[in-house]
Amino acid sequence: MKPLYLMLSMFAIGLTSTAALAEATSIPDAASLPNISPANSDLVNRGAYIARAADCMACHGDDYVGGNAIETPMGDIYSTNITPSKQYGIGKYTEKDLKNALKKGRAPNHMIYPAMPYPSYSGMTDEDISALFAYLQTVPAYDEAPDYKTSLPFPFNFRFLMLGWNVLNVPSTENREGLSATQERGEYLVNNLGHCGTCHTPRNSTMGFDKDNYLSGAELGNWYAPNITPDESSGIGSWSEQDIVTYLRTGQLDQRAYAGGPMAEVVAHSTRYLKDEDLGAIASYLKAVPAVQTEDKVRPVDASRLPSPINESITHDLLAQDDYLTQAKAEVTGGSNSPEALYLAECASCHGVNGYAQPDARYAPIVGLSSIRSDNPDALINVIVHGAEGASDTTPKMPGFEEELSSEQIANIANYVRVKFGSLPSSDLTAADVDRVITAEPEQPFLIKYAGWLAALGIIVAIVIIFFIIRAIIRSRRNH
Ligand code: HEC
Ligand code: HEC
Ligand code: HEC
């Protein structure tokens, strides 16, 4: 069944492959904005671009009707309808209301939970908010009543508690000194519009950003958002600015990185639409932030240990590729449960015998990817267990293997992939490692996060009390 699937997608994609090859040498142009707004004024178009850079669609949906559940340790928080519907959307909002929502987390009648990244948006400029407001007023209104409701358990249902939280955690970042104009633009895109830190910065005990470890990587449900500071061993210090731009535009970087999880969505909804100069500004800023060295080292690629690509004629010819795979399967030693046999049986139809996949079909080459070179194997195990969604609509999806393979088989394949394509000297993952990842709660450090929220609550309550005491003191002074 898989080869057939492969053939069909090859056929469909093959038609565009010549163009793809021509493109491969330079960074493709920014994708043009799909127009969901009928208006076409400069202001509205600028707003549409801001919405992309700020990735409002990631949570509010392609047509801004909302209803996506954002999982938190306290329960699901649903994104809301932000179309201009007067009854169910933000049709009655003034520009000031939008500004309060984005910068202070304050909707006209309630406080917004920080599942909406207002701690990052708090730095947005007035001009950008004006443009965004003009744009959001022109998208089609959605007038259906929501069939979902956010109801968190006591005490989190008291939305006003967010006032206390906001004192501690908004804004989520500070602007750095001594940046060039380009880097300042990059800082604005990374910290405020792009809210990159919501995934890439670990949280402190109050669930705010751990500012000392800014952008140094964080657990994200089943995924891991890597360290993107310029540290050489654990971050992206070895990437050039051009590399960063290529990755943000296309979701991949040959032999180095592939966006297959949450980052694939960021690329698909947001960064591939950004102008060259804006991606360049992001790259330049990411080079200027302090390097943070974390424990989860990403081992440098040892090129001498990587397999060499088979010759061009096999790589680009589907039938030759198929014969090559059959031959490799016939030559494999160690029985059908050996790591190599498992890889060839389950993975090679897409990723190729040598891991270079089939560039023609835009299947993901996996040689040298950072996700398979890091000491922490969870990201790799997760991909094999749950599969991966593509950053572009043309790539076929990788299925998850949780049902099909045993934990031991998955561990064997992971070891094979890490050593053969990641150039690690050795890898000894066991079925227990795989089970740990499979049984982990979607929000992995569940207890830690939960404890974090409890601590936050204590602090929030303390702040609310202090607030009332101070107010009482001020009032009593006034009265005297
Ligand atoms: C990471 C997810 C996420 C992103 C990105 C996001 N939002 Fe939200 N937004 C939410 C959630 C969740 C809520 C509801 C929170 C609640 O119930 O308190 C929300 C609520 C809102 C509200 C309040 C609506 C109301 O009156 O109840 C507005 C306005 C809003 N978002 C606008 C935006 C805009 C504009 C953008 C892009 C600049 C954006 N959001 C990006 C998740 C997101
Ligand atoms: C929704 C969460 C999320 C947001 C927002 C996000 N990222 Fe990511 N990012 C990830 C995850 C998870 C990965 C790991 C790759 C994957 O998802 O396939 C990643 C990978 C990356 C990588 C590759 C690092 C490596 O070593 O392979 C870079 C660079 C990166 N992100 C930059 C950014 C920038 C810049 C922004 C803001 C414009 C951003 N990210 C916003 C979750 C996120
Ligand atoms: C049906 C085709 C298919 C099969 C079979 C398949 N993959 Fe994938 N795999 C993909 C695609 C496509 C991607 C890239 C995801 C994307 O488009 O973003 C990918 C991505 C990956 C990545 C990179 C993830 C990241 O974000 O760094 C790894 C590692 C990987 N696959 C390993 C495997 C292993 C191991 C197997 C066998 C157990 C396997 N794949 C089977 C299609 C496949």
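**Two ligand sites, term by term**

Student: What makes the arrangement around the iron atom of ligand 3 octahedral?

Tutor: The six donor atoms there subtend angles of 88 to 178 degrees, which makes the arrangement octahedral. Donors are N, O and S atoms within 2.8 Å of the metal (3.2 Å for Na, K and Ca), and six count as octahedral if opposite donors are over 155 degrees apart and all others between 65 and 115. This is a predicted model, where local features need pLDDT of at least 70 and side-chain atom pairs count only at pLDDT 80 or more. Residues are numbered from 1 along each chain, and ligands from 1 in the order in which they are written.

Student: Which residues coordinate the iron atom of ligand 3?

Tutor: His351 (NE2) and Met398 (SD) do, at 1.9 to 2.1 Å.

Student: Why is His351 called buried?

Tutor: Buried means under 20% relative accessible area, exposed over 50%, partly exposed in between (1.4 Å probe, protein chains only). His351 has 13%, so His351 is buried.

Student: And what is Met398, buried, partly exposed or exposed?

Tutor: Its relative accessible area is 24%, so Met398 is partly exposed.

Student: What makes Ser370 a polar contact of ligand 2?

Tutor: A polar contact is a pair of N or O atoms within 3.5 Å; within protein, one must be able to donate a hydrogen and the other to accept it, and residues adjacent in sequence count only if both atoms are side-chain atoms. A polar side-chain atom of Ser370 lies 2.8 Å from an oxygen atom of ligand 2. For Met263, a backbone N or O atom lies 3.0 Å from an oxygen atom of ligand 2.

Key:
Heavy atoms only, no water. Tetrahedral: all angles 85-135°; square planar, octahedral: opposite > 155°, others 65-115°.
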